[in-house]
Amino acid sequence: MSAPQSLRVVAPAPLLQVDGVSLEYRTRQRVVRATHQVSFDVHAADRFVLLGPSGCGKSTLLKAVAGFVAPSEGEIRLEGRRVAAPGPDRVVVFQEFDQLPPWKTVRQNIMFPLRQARGMSRAQASECALHYLDKVGLAGFADAYPHTLSGGMKQRVAIARALAMRPKVLLMDEPFAALDALTRRRMQEELLALWEDAAFTLLFVTHSIEEALVVGNRILLLSPHPGRVRAELNSHQFDLASQGGAEFQATAQRIHRLLFETGTAGGAEGTTASARTAQAR
Ligand code: ADP
Ligand code: MG
């Protein structure tokens, strides 16, 4: 007996589709190609990591998803609709500690986009700001000014501000790269705890293989400039506790080879056409 139609399993459509996207910077003298025909899908509640060496176009890709840079080729779709401009459904957390306007308190920093883009009343925005400050452990600093906070605390505020907007995709561009090693580790842990709590969809950029393995459930490896897809890996089995373990180390080494060995033997993995088949599981 064949299964009734209604029982057929249908894979959910990806939340975010990056489809053959090339990105370029045009100056008067020349055109710089930042990425070449990059494709990947991000599903709801993914922690999707873009990993590659400096200059491979990770930040440019994130800016394109955010709607600040238009593809010269290909298309980016969010819930099936082409991304053409920035919007409150995509919020970016940057590496720099100065992303919070210094003349606003921590609470006002979080309230501002809630009032502007979400149309919340002052009272609603304040309540929402305190809720998310509590989630990042900074409830006691609501009325502090950013310059009185440490780098890690400023990044927590930026994360609270982003999560408070309840974006469809949270975009993070090397958010912990400027922190000391211990703080960075703690922030990775906290980010994962926040995700356990709220299961938001994350698109996270890093050039650190270890960070990619810890933070991501899926990792897209990009070749050096211009960025092309080298491979896509599942990494949900790794977390902070597995860091340093044998399987973790072996995977880190394999990623290192995929990223940096451009020799002829690995040539097949370097082309965009075959990269999607180089899935390592
Ligand atoms: P990543 O974040 O991976 O380090 P980027 O996306 O910042 O890489 O940059 C990708 C490439 O685009 C690099 O070669 C960089 O020099 C170039 N690039 C970045 N921003 C600009 C810009 N505003 N004008 C011209 N070229 C740029
Ligand atoms: Mg960058």
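Which residues surround ligand 1? Ligand 1 is surrounded by Tyr25, Val32, Ala34, Gly52, Ser54, Gly55, Cys56, Gly57, Lys58, Ser59, Thr60 and His225, where a residue is near a molecule if its C-beta atom, placed from the backbone, lies within 6 Å of it. This is a predicted model, in which local features need pLDDT of at least 70, side-chain atom pairs count only at pLDDT 80 or more, and totals for chains, interfaces and linings use all residues. Residues are numbered from 1 along each chain as its sequence is written, while chains are lettered from A and ligands numbered from 1 in the order in which they are written.

**Ligand shell**
- Strand E2 (31–42) and helix H1 (58–66) each give two or more residues to the shell around ligand 1; helices (H or I, at least four residues) and strands (E, at least two) are DSSP runs, numbered from the N terminus.
- H1 supplies the largest share of this shell, 3 residues.

**Domains**
- The domain assignment, automatic or from a database, gives domain 1 (16–89 + 168–279) and domain 2 (101–166).
- The C-alpha centres of domain 1 and domain 2 lie 27 Å apart.
- The contact (C-beta atoms, placed from the backbone, within 7 Å) takes 12 residues from domain 1 and 10 residues from domain 2.
- Helix H5 (residues 181–198) gives the most to the side of domain 1 that touches domain 2, with 5 residues.

**Contacts of Ala160**
- Not counting residues up to four places away in sequence, Ala160 touches Ile110, Tyr132, Leu133, Lys135, Val136 and Leu138.

Technical notes: Two residues are in contact if their C-beta atoms, placed from the backbone, lie within 7 Å.
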